[in-house]
Amino acid sequence: MTVTDDRPAAEVGSARRRKEDARLITGRTNWTENLTLPGMLHLAILRSPVAHARIASIDVAPALREAGVVAVFTGRDIADAQGSLPCAWPVTADIVHPDHPALAVEEVRHAGEAVAVVVARDRASALDALAAIEVDYDPLPVVLDMEAALAEGADLVHADKGTNASYTWIYDSAQAGSGGSVEQARADAEVVIRRRYRQQRLIPAFMEPRSVVVDPTGDQVTVWSATQIPHILRFLLAVITGTPEHKVRVIAPDVGGGFGGKLQVTAEEMIAFVIAQRLGRPVKYTESRSESLLSAHHGRDQIQDLELSAKRDGTVLGLHVKLLANMGAYLGIVTPGVPLLGAFMYNAIYKFAAYRFECTGVFTNTTLTDAYRGAGRPEATFAIERIMDELAVELGMDPIELRRRNWIGTGEFPFNTVAGLTYDSGNYEAATDKALALLGYDELRAEQARRRESHDPVQLGIGVSTYTEMCGLAPSRVLGALRYGAGGWEHASVRLLPTGKVEVVTGTSPHGQGHETAWSQIVADQLGVGFDDVEVLHGDTRTSVRGLDTYGSRSLAVGGIALVEACRKVVDKAKPIAAHMLECDVSDLEFTGGSFRVRGNPDGGRTLADCALAVFAAHDLPDGIEPSLDADATYDPVNFSFPHGTHLCAVEVDTDTGRVGIRSYVAVDDVGLVVNPLIVEGQVHGGVAQGIGQALYEEAVYDADGNLVTGTLVDYLVPSAADLPNLVTDRTETAAPGHPLGVKGVGEAGAIAATPAVVNAIVDALRPYGVNDVPMPCTPERIWRAIRDAGAAGAAGSGEAQEGGEQS
Amino acid sequence: MTRISVTVDGVRYDDDVEPRTLLVYYLRERLGKVGTVVGCDTSNCGACTVLMAGPDSSPVAVKSCNVLAVQADRHQITTIEGLSDHGGPQHPLQQAFHDRHALQCGFCTPGMILASVDLLAENPDPTDEEIRTGLEGNLCRCTGYQNIVRAVHDAAAAMRANGATVPAARPAADASQPAAEEVPA
């Protein structure tokens, strides 16, 4: 039972290939949609074709006559049972929080809202019968534009609420005591920059469409769902429907991506949960891609008005942010809170003296918005990094130099920010210097100057993004202060099996992140067992009893500590048993490399496996010792963690066609110490890809009637391999203080950093043409128009901006 | 119902199918080949990609959501589950995807690997650019594709070093089957 043989000195830090891959590359996967149960029925959902209407009548009788149809349900049929879908983050005391029925009862408020459900013996019969349902809609006025929605006398999404404003949430550093007033900063300023940016609406577009199977035939109602949050789903299904919590089991089997898009209690889950119990038979619902794009929650969709005040030497003074955040038609699980996650990040890595943030959540007749990778932080980072570039241009200063003059120095941590947070650690200098060298910043600036001088139709632009973000959601007390409905702790259990193998149960719920691999690495080091001797169990509330799941770059930063603490408890429990076997005092023992040895005596130790077998037999344990080494730990973080980094992007923009090519992209991230560099690099790649997607390709678009016109992957441009560049990635490592692993978080960093880097590069390329913004996504048409419009404006006004930008 | 005879991962199946049944649903729901997945309804994502060979034609990658089951009559299909023998050595692309961390959630992976098999059959030594354009019809939301490109390069090198494509990539024609007939319209 030598479990320590052939084990590298340290698993943590090594580029272990993933355990998860074996099943994923051979198709031996367990997606929810794969599941078939005896007697299982299939659901198909009729969705509203209009954005806002009263449901005058629904005739389901013709559908009931179709072959294979078992039942048809409308909202009225299940109104009592379905309750209202949850919003766990009512951010203010007076928030307007309308009911959110899973299946519409009186009214539909966005295109794609569920109106009726067919239950049939097979998928095709259920889908066929949808066409036979007859619905009469009485149209109501459609509200789409946020500013129009807030205007006096605007039509209302929820008439009974009397307003389209859900809430207004304010943070003011002068009131909070974390800084001065923005009015004073403005009065002291020599330069004031005002800009409006638009965060277009995005769709998470996870590759696995959502799917749910509910089996009500056992003692527990079992729910399989393609979800990021099995534990939260179980709790909320129980609370909302009144089903006793111990009678609900939720399983998240293999889940094909989420990016926040599966951080939701969905209408479809609730519908399946209610109907399965109503019929007493297992049911399955799997959405089509079109349904997914139409009705799964969207992300971003904000209007950002910023005012930045500064001195002529570049010192930033005050930042005032006014935000309109599109809620969509309803509030999802954390819809109102998403902008708040950005509220603390607008000041970014800079030492602002004063900060004020005001956000109003607005209802419109659109699909609800909610978390999408970064959730609030990409929006904040985009806005501040864009306006810092505007300030640099105004001052005639290099954008890197401007940032250097304002960022928090590496010796200044822990640093209390103007937004009231305490940044744990960082080294912005090191990350930036590394990124500049990798990009060849000075050489590219020289080439840019040459191209400008020669009026090259293909201009070069360099974009800078020096970001930080907050990871490790979240200290429960902070969440409580922000009126969030749950805590932010995480749980882990470690079970020592009699053969010395280890089962780890985690409350995190991976859906592509590689927890099975990374958690095995951590446990291998903590317990001195082999990487392959650890099995990581997750995503089933019967096994993983406690947990708060995976989102907000929290799994390693929070769940990792819980795991380490559980491992340490195991070692502590084994110690008296080892001492008993070695006939020594506990205080004489040391634990290294998986073995207890008498200090100073390298021979004759006892491994954890020896102790595990000893407690299994329990023949000869010290008096009063529990015959188990198993341990649990629940960890509640004391602070967020703050990864940071510098992303640089060089683009070539064809000023004749508006086409953008990313010539080089450098990402230097500091995510603390690293458990598995392979996984970290993969997270950066994927995050940057999504950030580039926002900058260049993706946008959910509604027409004037509220129809989603980007309802398929033909129209909603998830980037393909041909649309993305090779990235140069590197790291600096600044340990997270007080964390046993020194880790921060990496899941969202790329998506947060990349978008402003790309757009700053495009705008930088077009500065000689008088362009100071291009709305996202920066399509060739928009770039072409921006050049044309700036040229026209330049021709009418100052000629300076026209230099190098002759337009026909 | 229409009678079809199709060989999937080396096993012949004779089945009656509705003419409208898509190959991917035949594979998943009738044969239990759930390694092949459905990611969209407009043939954009490529998650459902399988290899399809006629009696007289080499295997090519097809999006099985875009092929009717009846069109697969007398054809040989290789899914991700048949690309290598269970428990045996993996196809060089499977190995390379693992080694290069070319997958995260893994939902696109079966289609991505099978599209890559086809790509390397056409072009055994592709450039970065050729890999990227060759896999344009397969979407991945997790990886940003960079490690997929690396994996395809690695697999290409391994396959060139072996001097031949791996047999599973090109299932042998079943001589017992009659020649292809016109696919019913």
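Two residues are in contact if their C-beta atoms, placed from the backbone, lie within 7 Å. By that rule, 80% of the contacts in chain A between residues at least 6 apart in sequence join residues at least 24 apart.

## Ground rules

This is a predicted model: local features need pLDDT of at least 70, side-chain atom pairs count only at pLDDT 80 or more, and totals for chains, interfaces and linings use all residues. Residues are numbered from 1 along each chain as its sequence is written, while chains are lettered from A and ligands numbered from 1 in the order in which they are written.

## Chain A as a whole

Chain A holds 22 helices and 28 strands. Helices (H or I, at least four residues) and strands (E, at least two) are DSSP runs, numbered from the N terminus. The C-alpha atoms of chain A fill a box of roughly 95 × 75 × 50 Å along the principal axes.

The radius of gyration of chain A is 28 Å, which agrees with the value near 28 Å for a compact globule of 808 residues. That radius is taken over C-alpha atoms, and the globule rule is 2.2 Å times the number of residues to the power 0.38. Of the 808 residues in chain A, 59% are buried. A residue is buried if 20 or more other C-beta atoms lie within 10 Å of its own, exposed if 12 or fewer, and partly exposed in between; C-beta atoms are placed from the backbone.

## The nonpolar core

In soluble globular proteins, nonpolar side chains tend to be buried together. Here the largest nonpolar core has 321 residues. Such a core is a set of buried Ala, Val, Leu, Ile, Met, Phe, Trp, Tyr and Cys residues joined through C-beta atoms within 7 Å. Helix α18 (residues 555-582) of chain A gives the largest share of this core, 14 residues.

Which residues have the most contacts inside the largest core? They are A:Leu43, A:Val117, A:Val118, A:Ile271, A:Val523, A:Val758 and A:Ile762. Leaving out residues up to four places away in sequence, A:Ile271 touches A:Leu43, A:Ala102, A:Leu103, A:Ala114 and A:Val117.

## Helix α21

Helix α21 of chain A runs over residues 749-766. Its 18 residues reach 27 Å from first C-alpha to last, close to the 26 Å expected at 1.5 Å a residue. The expected span is 1.5 Å times one less than the number of residues. α21(A) is mostly covered: 18 of its 18 residues are buried.

## Two domains in chain A

Chain A is divided into domain 1 (21-28 + 489-635) and domain 2 (424-469 + 640-796). The bounds come from an automatic or database domain assignment. The C-alpha centres of these two domains of chain A lie 41 Å apart.

The contact takes 13 residues from domain 1 of chain A and 13 residues from domain 2 of chain A. On the domain 1 side, α17 (515-527) and α18 of chain A each give two or more residues. α18(A) supplies the largest share of that side, five residues. By class, the domain 1 side has six nonpolar, six polar and one charged residues. Ala, Val, Leu, Ile, Met, Phe, Trp, Tyr, Cys and Pro count as nonpolar, Asp, Glu, Lys and Arg as charged, and the others, Gly among them, as polar.

## Two domains in chain B

Chain B is divided into domain 1 (2-83) and domain 2 (92-167). Their C-alpha centres lie 21 Å apart. The contact takes 16 residues from domain 1 of chain B and 13 residues from domain 2 of chain B.

β3 (49-53) and β4 (60-63) of chain B each supply at least two residues of the domain 1 side. β3(B) gives the largest share of that side, three residues. The domain 1 side has ten nonpolar, six polar and no charged residues.

## Where chains A and B meet

The contact takes 41 residues from chain A and 44 residues from chain B. On the chain A side, α1 (21-24), α10 (289-295) and α20 (677-697) each give two or more residues. The largest share, seven residues, comes from α20(A). The chain A side divides into 19 nonpolar, 16 polar and six charged residues.

## Backbone details

The peptide bond from A:Phe413 to A:Pro414 is cis, with omega near -5°. A:Pro414 is found in the loop between α13 (399-406) and β16 (415-416) of chain A. Another cis peptide bond joins A:Met776 and A:Pro777, with omega about -10°. A:Pro777 is found in the loop between α21 and α22 (780-796) of chain A.

A:Asp549 has a positive phi, near 75°, in a residue other than glycine. A:Asp549 counts as buried because it has 28 C-beta neighbours inside 10 Å. A:Ala618 also has a positive phi, about 60°, although it is not a glycine. A:Ala618 is exposed, with 11 other C-beta atoms within 10 Å.
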